[in-house]
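Me: I'd like to go through this model with you, one topic at a time. Could you keep the answers plain?

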Amino acid sequence: SREWHLVRRPQGWPVAEDFALREVPVSAEPAAGRILVRNLHMSVDPYMRGRMNDVKSYIPPFQLDRPMDGGAVGEVVASNAEGFAVGDHVLHGLGWREYAELDAQHATKVDASLAPLSAYLGVLGMPGLTAYAGLFEVASFKEGDSVFVSGAAGAVGGLVGQFAKIKGASRVIGSAGSDEKVTLLTEKYGFDAAFNYKNGPVAEQLREAAPEGVDVYFDNVGGDHLEAAISSMNVGGRATLCGAIAHYNDTEVAPGPRNLMQVIGKRLRLQGILVSDHAGLQQQFVQDVAGWLRSGELRYDETVVEGVENAASAFLGLLRGENTGKMIVSFTG
Ligand code: NDP
């Protein structure tokens, strides 16, 4: 079985030489309570960049010369655990490898007849719950709010905008890094307005797209996006700080928004989210999202890279914006 190791801590932007694909043996006979899974899809996510740094955070760093990990969906090929049979499909945390051997307690069965298996890594998985909890719980979204979301053509952002539309937002604005993505937002996802942040200053483009201001900002990007949003937010506005991908490869601490003082006069609320705090919403989230998928109200995209050998380059591509919707690595070809 092949698995990806981090062999060097990236300085700034990661490069191919920071990773190595290594061959390791697997035992076809898992110990008591354990299962062997052949991975079919694995996730590459922006938060993994943080785990490549040797710093204390909410999740421990990857260790050098050890397999990396992350979300994956696969098929049980050997089981020594009650309730898990060969052929079952499971979601678990040992991605970045072809075969995963794990305690069955850390696996969740998923149903391939309800949704394509990769959806459990995206729209019906962690990114979906992030969008759901971040909009409805953290930002206290309510009908009639106008919403701005950055990273809007990504896994989380595309859902945030559509959830807001479904629940009666007065206006939804998105930003993304290409004209094709901007077209997708307005044509397919039903955003009212969208702009390419590479085409001009974010603050100006946002002011034009949201002349009445913004009540909720869902921040995936940080930096000039956050500063622009603060300037465009209305009194009583709420921002969910979900990610700051514009800064994940910085080698120096980035300056904060220069207009933070506006938070006072406008009584803004800026609140961080960690999706792991919101497991309590899981059932309601799945019920709502599965319903919206069935009714056709909710659309989603995936960018699928084939082959375990291409997982590291898929991760690098994600940081560069090569994905539309969820970036998935599939081993099914
Ligand atoms: P995406 O699918 O959105 O992929 C990342 C995207 O970021 C790229 O496609 C690219 O799109 C965009 N991007 C890259 N560099 C920049 C830049 N300098 N400025 C603006 N956009 C940039 O990833 P996810 O949906 O999985 O994650 C979105 C955000 O949410 C990330 O910041 C992530 O860390 C965060 N997150 C946080 C969680 C939490 O619990 N707090 C949980 C899950 C995700 P483009 O072409 O538009 O530039």
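Me: Is Asp-65 buried or exposed?
Reply: In this predicted model, Asp-65 counts as exposed because it has 11 C-beta neighbours inside 10 Å, and a residue is called exposed at 12 or fewer.

Me: And where does Asp-65 lie?
Reply: Asp-65 lies in the loop between helix H1 (47-51) and strand S4 (72-79), and its phi is near 60°, a positive value in a residue other than glycine.

Me: What about Trp-96, buried or exposed?
Reply: Trp-96 is buried, since 29 other C-beta atoms lie within 10 Å, and the cut-off for buried is 20 or more. Trp-96 is found in the loop between strand S5 (89-92) and strand S6 (99-103), and although it is not a glycine, its phi is positive at about 65°.

Me: OK, switching to the ligand. Which residues come nearest?
Reply: There are 30 residues around the ligand, and of these Gly-154, Ala-155, Gly-177, Gly-243 and Gly-321 come nearest.

Me: How does that shell divide by class?
Reply: The residues of the shell around the ligand divide into 18 nonpolar, ten polar and two charged.

Me: What span should H3 have?
Reply: At 1.5 Å a residue, the twelve residues of H3 should span 16 Å, and the end C-alpha atoms are 17 Å apart, which agrees. Just after H3, Gly-168 takes a positive phi of about 90°.

Me: And helix H8, what span should that one have?
Reply: H8 (residues 282-295) has 14 residues, which should span 20 Å at 1.5 Å a residue, and its end C-alpha atoms are 20 Å apart, which agrees. H8 is followed by Gly-296, whose phi is positive, near 85°.

Me: Changing topic, what does the domain assignment give?
Reply: The assignment gives domain 1 (2-121 + 302-330) and domain 2 (126-276), and their centres, taken over C-alpha atoms, are separated by 29 Å. The shell around the ligand draws at least three residues from each of these two domains.

Me: How many residues of the two domains are in contact?
Reply: 14 residues of domain 1 are in contact with 15 residues of domain 2. The side of domain 1 that touches domain 2 has, by class, four nonpolar, eight polar and two charged residues.

Me: Last one, what radius of gyration would a compact globule have here?
Reply: With 333 residues, a compact globule would have a radius of gyration near 20 Å, and the protein has 20 Å, which agrees. Along its principal axes the C-alpha trace spans about 65 × 45 × 35 Å, while 45% of the 333 residues count as buried.

Key: Residues numbered from 1 in each chain as written. Predicted model: local features only at pLDDT ≥ 70, side-chain atom pairs only at ≥ 80, totals over all residues. Near = placed C-beta within 6 Å. Nonpolar A, V, L, I, M, F, W, Y, C, P; charged D, E, K, R; others polar. Domains from an automatic or database assignment. Contact = placed C-beta atoms within 7 Å. Helix = DSSP H or I, 4+ residues; strand = E, 2+ residues; numbered from the N terminus. Expected span 1.5 Å × (residues − 1). Rg over C-alpha atoms; globule rule 2.2 N^0.38 Å.
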